[in-house]
Amino acid sequence: MDDCHAPEGSAAASDTKTHLVAIVGPPNAGKSTLFNRLTGLRQKVANFPGVTVEHHMGRVKLNLGREVFLVDLPGVYSLQPRTEDERVTHDVLSGDMQGLRKPDAVMLILDSTNLGRHLSLAAPILSLGLPTLIILNMADDLGRRGGEVNTEELSKQLNAPVALISASHGTGVQKVVEFLSEAVFHEKPKPPLAQLPIIYDVPKVRDWAADIGRRTNYRPPAPPLWTRRLDGIFLHPVFGPLIFFLVVLGVFQTIFAGARPLMDGLQAMIEGSGKWMEAALPDNQLRSLLIDGIWSGVGSVVVFLPQILLLFLFIGVLEDSGYLSRAALIADRTMAKIGLQGKSFIPLLSAYACAVPAIMATRTIENKRDRIATILIAPFMTCSARLPVYTLVIAAFMPDKPLLGPLLGTRATALLGLYILGFVAAVITARLLKSTVLKSTRSPFMLEMPPYRWPTFRSLGLRLLDRSKVFLRRAGTVILGVAVLLWVLSNLPLHDGKTPEIGDSFAGMIGHAVEPAIRPLGFNWKIGIGLITSLAAREVIVGTLGTIYAVEGTSESVGLREALHMDLTPGGAAALLVFFAFAMQCVSTMAVVRRETGGWRWPAIQFAYMTMFAYAFGYLANRLVTAWI
Amino acid sequence: MRVNKPPLDDNSEPRDLTTLRKGESAVLDHIDLPEDDARRLMELGFLPGHLVTSAHAAPGGDPKVFRVDGSEIALRRETARHMFLRRAETQA
């Protein structure tokens, strides 16, 4: 795939300077749809320096081989920033953004079905004095519902070109492309500014917008009947929660069970190709590094890709259709009890599959404190990588006896207990955070309910592609580094030119070194090694223990169960389960938290907090079980 | 909950947004919240003098969706109770 170059890259070829055009608009006006329509695959995600806000940059090809760069800015209602996202938009437009120069032109995209209110944003944008195209989106909706607007008159009133388009259907987009060539390649004297109101006074701006609306014969469309009908069902006092529950169950089932065959397939492919390479390459250290280190190390993380894609497909459909806002509304009261809000619900649910996509999904939460709190508690949810560890340890130490008839056995109860344990830790942590460092400063919860719309394949496809790139780049950098490091730790130093027994390797040395520290939890040095290797992904400990005990390293392996049962006390086993329930123990999660919070501060705090939490309760579990038995 | 309030007379307390029943409309009078919160609410359409209609709600009645200036915005009770309605006689 053609990766987009940075603005200072090759694009300068056809012109002396590259042109930058910003897309601005209120939330839900269709900015991203237009951006995707114009740039297609020629786009990339980036973060501005120092802020956590992600933005998309893309190229638009114009005639004569010329092109302009587009930057898609976070949605704003005005240029009075309240959130970090809004500050980014404000700073970029005023030329104060580090790492990005002031745009040459602006495309202001407004929802034509709600022009009365949306036009208010034209006042502060036009007062910037940049060449501006006013784009009235959702033209199809406007026409269908019997609304209209005189675009020529609007252009006259605002002293700026106006285009009535439908970004999702592509109608009118040609006009936007023409504007881009006009605005940046045919320098014209700046048009005089339209008569603008004082932009700090909201009622005055709204009156101005209403006046412009009247002069341009704006007739607002009839209310969206289908949206009202659907809300009658989706927000029905009885059916609403029921449908919500079914949707949640669907998401859960899909990312859990639905992704399974795909993940197994991918796993088999990675293992198969590893075996094939093993046969093709000469037996030496390099082969071991390549296959045991890099291939299976990175592979153990890449297998989560199907789960991540399915989750984002779900979230994409929910978000683009407008249901996500309704789900957030329904979940809000429950989430408010732990100090969070409705929008935290879907990310936390996703964390039961894997914390990495869950943390990426917190983007939909505008409130920064709520977002960080959600990120910090997400890894407490029992992710699927913990399951093999739980299965192994429970099976090794607990006979499967029926508890509640044939339905619920001791093992299932223990597993369920661990799920509840993680959830309780998340709730406690959320309350702790929200009543101290992340206390919301009386910021009220306001959530717009957009009209229901059909999601388009184009936008869903681009979103999936985008998320996969972000995830695979992570796998290709941080996780690759960790895989190599772990291989070095478990395969060096060489003894007589041969790979050492794992007990004599660096990892073994570390295991022995940390043994005094983990002894209170009932762990020995072998578990110590497992704790180190499981940083790559939690389930890796199963394979490591297999190597150490020289038996087959799977959670179904009877040999491994017996070896573990001989080597570990019941107290130590309980501590191991509790430790895995609470400890962060996952480099991928740390890497994604760093990316999403814009620095190492939060992941470091999170790692320290979770490890201490895990250690304290692991110790407690060891003592309790030892005393009880 | 103040559901069956008697008709308002001039000396009564002004009604807040939470007292609107589903489908009922009234004109917003003022917002009694810190300035930047009030500003954001106004940007979303909650402008004094504009009509607000109560629409659907989450189960349990909180948060509630209000129709205002062409959009639907959900607010929690804790916010809506600081937003006051114009007295009945001035309602259109």
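Visitor: Where is Asp69(B) placed?

Guide: This is a predicted model. In it, Asp69(B) lies in the loop between β3 and β4 of chain B.

Visitor: What is the phi of Asp69(B)?

Guide: Phi of Asp69(B) is near 45°. That is a positive value in a residue other than glycine.

Visitor: Is Asp69(B) buried or exposed?

Guide: The cut-off for buried is 20 or more other C-beta atoms within 10 Å. Asp69(B) has 21 C-beta neighbours inside 10 Å, so Asp69(B) counts as buried.

Visitor: How many bridges pair β3(B) with β4(B)?

Guide: Five bridges, in the antiparallel sense. Strand β3(B) covers residues 64–68. One of the bridge pairs sets Val65(B) against Ala74(B) in β4(B).

Visitor: How do I read the two faces of a strand?

Guide: In a regular strand the side chains alternate between the two faces of the sheet. Now take β3(B). Lys64(B), Phe66(B) and Val68(B) are on one side. Val65(B) and Arg67(B) are on the other.

Visitor: How many residues of β3(B) are buried?

Guide: Five of its five residues are buried. Both faces of β3(B) are covered.

Visitor: What joins β2(B) to β3(B)?

Guide: Four bridges join them, and the two strands run antiparallel. Strand β2(B) spans residues 51–57. Thr53(B) has Arg67(B) in β3(B) as its bridge partner. These two strands also form a hairpin, with six residues between them.

Visitor: What should I look for in the turn between β2(B) and β3(B)?

Guide: Start with Gly60(B), which has a positive phi of about 90°. Then go to Pro63(B), in the loop between β2 and β3 of chain B. The peptide bond from Asp62(B) to Pro63(B) is cis, with omega near -5°.

Visitor: Which strands form the open sheet, and in what order?

Guide: Six strands form it, in the order β10(A)-β4(B)-β3(B)-β2(B)-β1(B)-β5(B). The pairing is antiparallel.

Visitor: Which strands stand at the edges?

Guide: β10 of chain A and β5 (83–85) of chain B. Each has a single partner strand, so one side of each is left without a neighbour in the sheet. The twist averages 45° from one strand to the next.

Visitor: How does β10(A) pair with chain B?

Guide: β10(A) pairs with strand β4 (residues 71–75) of chain B, over three bridges and in the antiparallel sense. Leu447(A) stands opposite Ala74(B) in β4(B). Recall Ala74(B): it is also the bridge partner of Val65(B).

Visitor: How is an interface described?

Guide: The size of an interface is often given as the accessible area lost when the parts come together. Here, count residues instead. The contact takes 27 residues from chain A and 28 residues from chain B.

Visitor: Which elements of chain A each supply at least two residues of the side that touches chain B?

Guide: They are α3 (115–118), α8 (202–215), α10 (239–280), α13 (323–336) and β10 (446–448). The largest share, four residues, comes from α13(A). By class, this side of chain A has 14 nonpolar, five polar and eight charged residues.

Visitor: How do I describe two packed helices?

Guide: Two packed helices are described by the angle between their axes and the distance between the axes.

Visitor: Which residues of α20(A) and α21(A) meet?

Guide: From α20(A), they include Ala507(A), Ile510(A) and Val514(A). From α21(A), they include Trp525(A), Ile529(A) and Ile532(A). The contact has eight nonpolar, five polar and two charged residues.

Visitor: What is the phi of Gln585(A), and where is this residue found?

Guide: Gln585(A) has a positive phi of about 45° although it is not a glycine. Look in the loop between α24 (570–582) and α25 (587–597) of chain A. Gln585(A) is buried, with 26 other C-beta atoms within 10 Å.

Key. Residues numbered from 1 in each chain as written. Chains lettered and ligands numbered in written order. Predicted model: local features only at pLDDT ≥ 70, side-chain atom pairs only at ≥ 80, totals over all residues. Contact = placed C-beta atoms within 7 Å. Nonpolar A, V, L, I, M, F, W, Y, C, P; charged D, E, K, R; others polar. Pairing = 2+ DSSP bridges. Axes fitted to C-alpha atoms, helices over the stretch in contact; angles between N-to-C directions. Buried ≥ 20, exposed ≤ 12 C-beta atoms within 10 Å, placed from the backbone.
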